[in-house]
Amino acid sequence: MSVLKNNSLFFSILPIIISFTFLACDSRGNEGSVESNESIDEQIVNYELKNIIFRKKESQEMVTLPVEVPPMKDYAIGLSKKNKVENFGMLFNFREETKYQGFSMKNTKFNLSIAFINANKTIIDIQEMKAFHNEIYISKYPFQYAIEAPAEWFLINEINIGDSVTIP
């Protein structure tokens with residue numbers, strides 16, 4: 001008789017244990033999750049913003065651009081997962097100068113400007129990049145840093161080749 005009482009107690013508590021286990025797993029999985037109809041590839045990642053300061057060579061005037069700084073493993077994604085950029089850009093730091101690193105706009109939904117910056121933190125090349133374009137954009141000269149910004153941002157802000165950059 002004692003075994004029957006223990007079994008009935010166990011089977012009456014079992015649904016409660018299962019419910020709590022399910023709720024605990026469900027609440028842990030929701031933080032930072034992607035909605036069920038959105039794949040991880042479509043998830044928009046927002047990186048920490050840092051301020052880049054451009055110093056104009058002629059006037060010494062300074063212009064600031066907030067930039068996201070992704071980890072190197074996300075460089076190929078860049079800004080392509082965003083729907084637009086208005087008041088920020090993205091910084092890429094290749095750790096040493098390179099001439100053969102290119103940038104693609106194949107999956108990017110909007111035009112961008114890009115400034116290539118050498119190890120001395122001087123702008124050596126600026127290019128306009130077209131949305132969904134298959135061309136690979138490559139600097140004319142070796143560079144260590146690249147900054148993507150909204151289309152024509154460098155032109156509008158009168159940032160030119162030869163201007164210097166303060167990178168945090």
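Q: Is Glu158 buried or exposed?

A: Buried means under 20% relative accessible area, exposed over 50%, partly exposed in between (1.4 Å probe, protein chains only). Glu158 is exposed, at a relative accessible area of 53%. This is a predicted model: local features need pLDDT of at least 70, side-chain atom pairs count only at pLDDT 80 or more, and totals for chains, interfaces and linings use all residues. Residues are numbered from 1 along each chain as its sequence is written, and side-chain values use heavy atoms, with hydrogens and water left out.

Q: With which residue does Glu158 form a salt bridge?

A: Side chains of opposite charge can pair when their charged atoms come close. A salt bridge here is a side-chain nitrogen of Lys or Arg within 4 Å of a carboxyl oxygen of Asp or Glu. Glu158 pairs with Lys56, the closest N and O atoms being 3.9 Å apart.

Q: Where in the chain do Lys56 and Glu158 lie?

A: Helices (H or I, at least four residues) and strands (E, at least two) are DSSP runs, numbered from the N terminus. Lys56 sits in the loop between strand E1 (49-55) and strand E2 (62-68). Glu158 sits in the loop between helix H2 (153-156) and strand E9 (164-166). The pair links distant parts of the chain, 102 residues apart.

Q: How many salt bridges are there?

A: The count is two. Lys56 also meets Glu61, at 3.2 Å, N to O. Lys56 is buried at 8%, whereas Glu61 is partly exposed at 41%.
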